[in-house]
Amino acid sequence: MRERGPCQSPQVGNGAVVKYNFKSHPTIYSGVAFRSRLEARWAAFFDLAKLKWQYEPYDLNGWTPDFLLTIPCSHSECCDNHELLIEVKPFSSIAQFEGHPCMDYPYGTNDCCNRIPADASAAFGNDVNTTFFEMAHGAGGGSFDITYFVNDAEELWVKAGNIVQWKPKQNKTGLMPILPPKPAPRSIRTWNYPV
Ligand SMILES: [Zn+2]
């Protein structure tokens, strides 16, 4: 896995640094260690929506996308699936992603004709309505958010939040249980019998 501190700002193509201040909570979900609870929540959301995902699938030029997401599409003019390379940030508006490489590959390509290995780059923020990608779909294409492709997206987002929320284990008194000491393994237990 790539080494990058959870709060470190990524370097982008033109040398500018996108600044953001937040405290991320590394979270384990589905056996994967995510850098933030928000990333883990997106993974849980994708699972609930039955969408295939991969965490940090590629190192691209100046950008390591957080997810590769596969979205099945039954449109007769589409090829079974759409693939997105997604950046997740704790942003509440798409405008905050401005300047980040995840905004540079509409239709999978940038102005210099560099292509990414997906149909489009995508910006995913703090909730299902703060998502954005631009790609070919059907006879045309355009800008979409994830709610266009996922039924009940808002309901699934709430469920995903419950799945990754940290919950301390509590007993009936609301206190953390005190665990009894573990017995020593039998094989190393010794006893001297008085003769
Ligand atoms: Zn499509």
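Begin by selecting the loop that runs between strand E5 (81–88) and strand E6 (120–124), and within this loop locate Tyr107. The model is a predicted one. Display the backbone at Tyr107: phi is positive there, about 55°, although the residue is not a glycine. Is Tyr107 buried, exposed or partly exposed? It is partly exposed, because 15 other C-beta atoms lie within 10 Å, and a residue counts as buried at 20 or more and as exposed at 12 or fewer.

Next, move to the loop between strand E3 (52–55) and strand E4 (67–72), where Glu56 is found. Glu56, a residue other than glycine, also has a positive phi, near 45°. With 17 other C-beta atoms within 10 Å, Glu56 is partly exposed.

Now turn to the largest nonpolar core, which has 37 residues. Select Trp42, Phe45, Leu84, Ile86 and Ala122, the residues with the most contacts inside this core. Then colour the elements that each supply at least two of its residues: helix H1 (37–48), E4, E5, E6, strand E7 (131–137) and helix H2 (153–164). Which of these gives the most to the core? The answer is H1, with seven residues.

Finally, centre the view on Ala122. Which residues are in contact with Ala122, leaving aside its neighbours within four places in sequence? Select Leu84, Leu85 and Ile86, then Cys102, and then Thr131, Phe132 and Phe133; with those sequence neighbours set aside, these are the contacts of Ala122.

Technical notes. Residues numbered from 1 in each chain as written. Predicted model: local features only at pLDDT ≥ 70, side-chain atom pairs only at ≥ 80, totals over all residues. Helix = DSSP H or I, 4+ residues; strand = E, 2+ residues; numbered from the N terminus. Core = buried A, V, L, I, M, F, W, Y, C linked by C-beta atoms within 7 Å. Contact = placed C-beta atoms within 7 Å.
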